[in-house]
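The following exercises are to be worked through with the sequence and the coordinates at hand. Each task is followed by a solution in steps.

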Amino acid sequence: MSVTRISRSFKDISLSFEPHPVTKDLPVITDARAIIRSIRNLVETIVTERFFNSTLGSNVRKSLFDFVDYATASVIQQQVVEVISNYEPRVDNLIVQVNPKPDTNEFEIILTFRIIGQDIPVQQYSFILEATR
Amino acid sequence: MPFTKFTNLDFDQIRVSIKDYLRANSNFTDFDFEGSNFSILIDTLAYNTYITAFNSNMIANESFLDSATLRENVIALARSIGYVPKSRTAASAIVSFTATPKSSTSILTLQSGLVCTGSASESSFVFSIPDNVTASVKNGVATFENLTIKQGTFLKKQFTVDISLNQKFILNNSYIDTSTIRVYVKGPSDSGLGKPYKLVDNIFEISSKSEIYLIQEIKDEKYELLFGDGIFGKKLENNSIITVTYIVTDGREGNGASVFDFSGSFKNESDSIEVCESIIISTIQSSQNGSDIEDINSIKNFAPRLYSSQYRAVNSNDYETIIKSKIYPETESVSVVGGEELDPPQYGKVLISIKPKNGTYVSDFNKREIQNKLQKYSVSGIKPEIIDLKILHVEIDSSIYYNFSQVESVENLKTQVIKSLTSYSQSTNLNSFGGRFKYSKVLQVIDGTDTAITSNITKVIIRRDLKAQINTQTQYEICYGNKFHVNSEGKNIKSTGFNIFGVSDTVYFTDIPNKNSDGTIAETGTIAIVKNTQSTVDSTKTPIVIQSAGTVNYTNGEILLNPLIITSTVLSDNIIEIQAFPESNDIIGLKDLYLSFDVSKSKINMIKDVIASGDDISGVVFQTKDYYSSSYSNGALTRS
């Protein structure tokens with residue numbers, strides 16, 4: 001039986017599982033939001049955490065307890081680039097900028113990328129990585 | 001796509017199935033990307049399915065004796081058909097010693113438990129006895145003769161019976177030799193340790209008053225004791241005290257100890273400790289027959305067979321199963337021949353040959369033990385008799401051609417050939433009673449050893465080792481169970497050298513085929529004893545010492561020697577090797593003959609293949625003496 005895609009857009013489920021206030025449907029995230037969520041999942045997944053796919057994920061968590069400086073930031077940047085280029089084929093022209101914030105003991109990560117095959121502008125997204133224990 | 005592969009045990013394939021289903025039935029698209037939220041859900045689903053499938057598969061496998069893999073499940077399934085797997089067996093040694101008590105006691109009792117220490121394989125082991133042994137003191141000396149000591153530590157455990165509980169009597173030690181378990185039950189009216197209870201493995205002839213117990217293996221190779229319920233076997237009374245003694249052993253590691261130091265303790269007639277002067281132990285038999293617990297494969301093999309034999313030795317398979325699983329676990333192979341098949345027939349007898357795992361012969365002591373134990377399984381009127389193993393050795397004389405351009409070292413190639421032949425010789429279908437030496441398989445093994453080997457010409461020789469009775473007039477009969485090839489000129493039978501009474505030179509056996517009245521070769525021949533002045537001399541000029549020393553039946557493969565006094569043999573242990581060429585290159589182990597492929601005495605000649613390597617395109621050189629191999633006997637008078 002041939003398999004055909006129903007939609008060309010990127011459509012993912014939200015793990016919050018909060019129902020839509022009006023339709024009571026499960027929340028759906030699409031396109032850029034779906035990809036951003038995916039990137040966060042990849043970066044935050046620890047290597048060996050996934051069953052039967054032990055190489056998926058990144059080791060950024062290990063670096064969070066190192067000195068918050070540009071050297072560590074560079075390591076984190078390389079790890080983020082590596083995991084995205086290996087496991088997220090939907091993005092292109094990826095630029096990862098990691099800014100150490102020693103005062104608050106955290107790293108700010110700014111991602112700039114283009115979504116392949118979609119006529120939407122270049123996306124920028126930032127998130128904070130912080131050692132919590 | 002329908003989701004129909006319920007039995008899939010591969011995680012990735014389960015995942016692909018779920019994705020295929022979603023691809024056709026969902027609005028969502030991102031499940032194809034590893035980082036997506038949907039991918040996490042799919043992983044969870046697939047993992048769940050995988051675990052369920054694995055569990056179902058495991059449950060199905062573990063429910064049947066043939067496919068179960070966990071020991072506790074295999075023994076539970078075997079238990080349901082009444083099979084108790086063999087425990088570890090302690091190595092037993094037989095020793096004798098004398099003890100001189102310091103007090104004037106009339107009897108001396110060697111206490112159960114530690115008796116002595118001995119060393120085997122550079123380790124020290126303790127040897128114990130499960131029961132007290134008493135000897136009377138004569139002239140101030142107590143003699144303990146032929147005492148069987150068992151390798152292992154003697155332990156004791158007590159239980160108090162409480163019938164209000166669902167009580168289990170578990171011996172908390174692994175590696176127990178169950179044959180050393182002794183159980184005493186002390187009821188309210190009993191004294192001392194109480195009454196000894198008897199181990200049984202089935203409920204034949206058991207009444208409600210029988211003082212019996214059963215054992216069953218539980219987890220981690222430990223044992224549980226089961227007592228009667230008042231219907232089959234006497235029921236335990238409340239507050240009875242059960243005392244269990246047993247020996248925990250190292251199994252086969254304890255084999256081979258031959259020097260022992262005494263460490264036991266004695267009690268005298270007044271039941272107090274008796275001190276004896278230093279005791280020297282003489283070893284009658286070094287420790288042997290220690291074996292490990294019966295493995296899973298053996299349980300799977302023998303449990304159904306023992307069930308089908310119903311504890312009765314009727315046909316030869318029953319004997320094999322009962323001897324291997326119930327009587328003598330050290331058995332590697334068993335041959336059972338009914339007396340009616342023998343020539344002349346011996347009705348009412350069953351002849352049994354046993355090949356033990358570590359060695360060639362079963363000791364006389366073990367033979368008697370096996371025979372006694374077999375008696376209760378065998379049919380009335382049938383007498384089982386254990387006879388010594390008769391080994392039919394198969395040797396090869398192989399000329400192996402190799403392409404020398406592909407070989408670094410000929411010696412290495414030869415070593416490889418010997419190695420592969422040795423591993424073939426250890427296969428069970430060869431080293432067994434009723435085994436068969438398959439000529440074509442051996443040729444394949446040789447050719448397949450290395451790509452450099454281009455061909456081989458292999459001759460097969462069968463050999464029996466005659467153990468000569470030195471300086472005694474003895475008649476010998478040697479059976480090969482395979483038809484001999486007959487060369488009309490003789491020299492079909494060859495032997496190693498030996499000396500006979502009245503002749504100073506070393507002599508050998510040879511044969512002279514008889515001829516029928518029409519000049520054709522008869523089925524029989526005469527065995528002659530000859531001196532060997534020149535190995536390739538014509539048979540008519542061979543110096544014959546005894547013209548007619550016996551007969552040979554070429555068809556039956558039998559040599560019968562007339563009474564003869566052999567004074568010595570060239571080979572050690574009074575052995576004379578007698579060989580013959582078989583008519584067929586496939587050799588069988590007939591009846592009680594144990595077939596053994598003797599690689600160490602086989603001849604391997606490595607010969608350059610001048611044709612394959614391109615040195616001799618026309619084949620002219622190949623036919624010269626150095627490169628040519630005959631497929632027939634070398635015509636020598638004696639065995640070399």
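**Exercise 1. A buried threonine**

Task: Determine whether B:Thr496 is buried or exposed, and state where in chain B this residue is placed.

Solution. The model is a predicted one.
Step 1. The relative accessible area of B:Thr496 is 10%. The cut-off for a buried residue is under 20%, so B:Thr496 is buried.
Step 2. B:Thr496 is found in the loop between strand 25 (494-495) and strand 26 (498-500) of chain B.
Step 3. Beyond the neighbours within four places in sequence, the contacts of B:Thr496 include B:Val507, B:Tyr508, B:Leu571 and B:Arg639.

**Exercise 2. Aromatic pairs**

Task: Classify the ring pair of A:Phe52 and B:Phe11, and then the pair of B:Tyr47 and B:Tyr50.

Solution. 
Step 1. Over all chains, the count of aromatic pairs is 22.
Step 2. The ring centres of A:Phe52 and B:Phe11 are 4.2 Å apart and the planes meet at 20°, so this pair is stacked.
Step 3. A:Phe52 is located in the loop between helix 1 (31-44) and helix 2 (60-63) of chain A, and B:Phe11 in helix 1 (residues 11-25) of chain B, so the pair joins two chains.
Step 4. A:Phe52 is partly exposed at a relative accessible area of 44%, whereas B:Phe11 is buried at 4%.
Step 5. B:Tyr47 and B:Tyr50 are likewise an aromatic pair that is stacked, with 6.3 Å centre to centre and 25° between the planes. Both residues lie in helix 2 (residues 37-62) of chain B, three residues apart, about one turn of the helix.
Step 6. B:Tyr47 is partly exposed, its relative accessible area being 26%, while B:Tyr50 is buried at 19%.
Step 7. A:Phe51, A:Phe52, B:Phe11, B:Tyr47 and B:Tyr50 are linked by ring pairs into a cluster.

**Exercise 3. The interface of chains A and B**

Task: Characterise the interface of chain B and chain A by buried area and by salt bridges.

Solution. 
Step 1. In chain B, 23 residues are in contact with 30 residues of chain A.
Step 2. The two chains bury about 2400 Å² between them, and 60% of this is on carbon and sulfur atoms.
Step 3. On the side of chain B, the residues that lose the most area to chain A are B:Phe33, B:Glu34 and B:Asn37, together 25% of what that side buries.
Step 4. Two salt bridges are found across the interface. B:Glu34 forms a salt bridge with A:Arg50, with the closest N and O atoms 3.8 Å apart.
Step 5. A network of salt bridges links A:Arg50, B:Arg15, B:Glu34 and B:Asp43.
Step 6. Eight residue pairs are in polar contact across the interface. Helix 2 of chain B gives the most to the side of chain B that touches chain A, with eight residues.

**Exercise 4. Salt bridges within a chain**

Task: Compare the sequence separation in the pair A:Arg40 and A:Glu44 with that in the pair A:Asp92 and A:Arg114.

Solution. 
Step 1. The count over all chains is 26 salt bridges.
Step 2. A:Arg40 and A:Glu44 form a salt bridge, the closest N and O atoms being 2.6 Å apart. These residues are four residues apart in helix 1 of chain A, about one helical turn.
Step 3. A:Arg40 is partly exposed at 24% relative accessible area, and A:Glu44 is partly exposed at 26%.
Step 4. A:Asp92 forms a salt bridge with A:Arg114, at 3.1 Å between the closest N and O atoms. A:Asp92 is in strand 3 (residues 91-101) and A:Arg114 in strand 4 (residues 106-115) of chain A, so the pair ties together parts that are 22 residues apart in sequence.

Definitions and conventions:
Residues are numbered from 1 along each chain as its sequence is written. Chains are lettered from A and ligands numbered from 1 in the order in which they are written. This is a predicted model: local features need pLDDT of at least 70, side-chain atom pairs count only at pLDDT 80 or more; totals for chains, interfaces and linings use all residues. Side-chain values use heavy atoms; hydrogens and water are left out. Rings of Phe, Tyr and Trp (its six-membered ring) pair if their centres lie within 6.5 Å; planes under 30 degrees apart count as stacked, over 60 as edge-to-face and the rest as tilted. Buried means under 20% relative accessible area, exposed over 50%, partly exposed in between (1.4 Å probe, protein chains only). Contact means heavy atoms within 4.5 Å. Buried area is the accessible area (1.4 Å probe) that two parts lose on being put together, summed over both. A salt bridge is a side-chain nitrogen of Lys or Arg within 4 Å of a carboxyl oxygen of Asp or Glu. A polar contact is a pair of N or O atoms within 3.5 Å; within protein, one must be able to donate a hydrogen and the other to accept it, and residues adjacent in sequence count only if both atoms are side-chain atoms.
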